[in-house]
Amino acid sequence: VVMGRVLIVSKTKMQHNHVCVGAIDLDKKKSIRLLNEDGFHETLQDCPYELLQIWDLEYEYTNYRPLPHSEDVAVLSRTFTGETINNQDLIKVLHESNVPLYQGSLMSVFEDKLRFTSAGKLYISEDSCPSFSTCFWISDSLILKNEINGKVYYHYTATRFPSGFQMPYVGLEDATAQEIPQGTLLRLSLANWWAPEDSDCEERCYLQLSGGFKI
């Protein structure tokens, strides 16, 4: 069992009213993903965590999911410290920790292992799998909001990739921003392994945009 002061850095929506909570153990200086004591994602109603709060947690690692999802922990007990931090404190935490923080091209994140489809979706596959499924990235370009079939995406373009890439937005905060300025701190994550039904396509983990922080 691990005990630590834990900073909440993301809260994203999943199917069936469940949420995915990303955090940083400030003592161990590493990323974790908070599940309930049985190792499952909590519902929105049951989940007490809010962004940039600090909690005292007891937890243990689970091994239910294969790489790259190495951050999953089952929370055994929790107490809110009453403390929160601001965006500038967050960037300081990232620089002082072992949490992956990238600058430059979006294609460099996740150990340069991202690939892309003809439709501009980014993913990793079994033969290009990093050892972690969440990271932070300071954007090197303006990113524009784009709605496709009622779903919110953010469109990234760069000199080497003029047609750009689409990142689905899965944050709980309303995506009201029509554009994300260059230099914004963004949290990225890889979805669960998935392949379309009745398809010969390999399983992939697709890139998602979990949230952003002005720094």
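Mentor: Ala, Val, Leu, Ile, Met, Phe, Trp, Tyr, Cys and Pro count as nonpolar, Asp, Glu, Lys and Arg as charged, and the others, Gly among them, as polar. Keep in mind that this is a predicted model.

Trainee: How do the residues lining the second largest pocket divide by class, and how many are nonpolar?

Mentor: Sort the lining residues with those classes. Six are charged and 6 are polar. The nonpolar residues number 11.

Trainee: Which residues lie closest to the centre of that second largest pocket?

Mentor: Start with the whole lining. The second largest pocket is lined by 23 residues. Closest to its centre are Tyr 169, Ala 177, Gly 211, Gly 212 and Phe 213.

Trainee: Which element gives the most to the lining of the second largest pocket?

Mentor: Four strands each supply at least two residues: β1, β13 (179–180), β14 and β15. One of them gives the most, with 5 residues: β15.

Trainee: How much space lies in the largest pocket?

Mentor: Take its lining before its volume. There are 40 lining residues, with Lys 13, Pro 168, Val 170, Ala 191 and Gln 208 nearest the centre. The space in the largest pocket is about 1300 Å³.

Trainee: Which element supplies the largest share of the lining of the largest pocket?

Mentor: The elements giving two or more residues are β1 (2–13), β11 (151–158), β12 (161–168), β14 (185–190) and β15 (204–213). The largest share is 4 residues, and it comes from β15.

Trainee: How many residues in the lining of the largest pocket are charged?

Mentor: Use the classes again. The lining has 16 nonpolar and 16 polar residues. The charged residues number 8.

Terms used. Residues are numbered from 1 along each chain as its sequence is written. This is a predicted model: local features need pLDDT of at least 70, side-chain atom pairs count only at pLDDT 80 or more; totals for chains, interfaces and linings use all residues. Side-chain values use heavy atoms; hydrogens and water are left out. On a 1 Å grid over the protein atoms alone, a cavity is a set of points where a 1.4 Å probe fits but cannot get out, and a pocket is an open set with protein on both sides within 12 Å along at least five of seven lines; lining residues have an atom within 4 Å of a point. Grid points are joined across faces, edges and corners, and a volume is the space filled by probe spheres set on the points.
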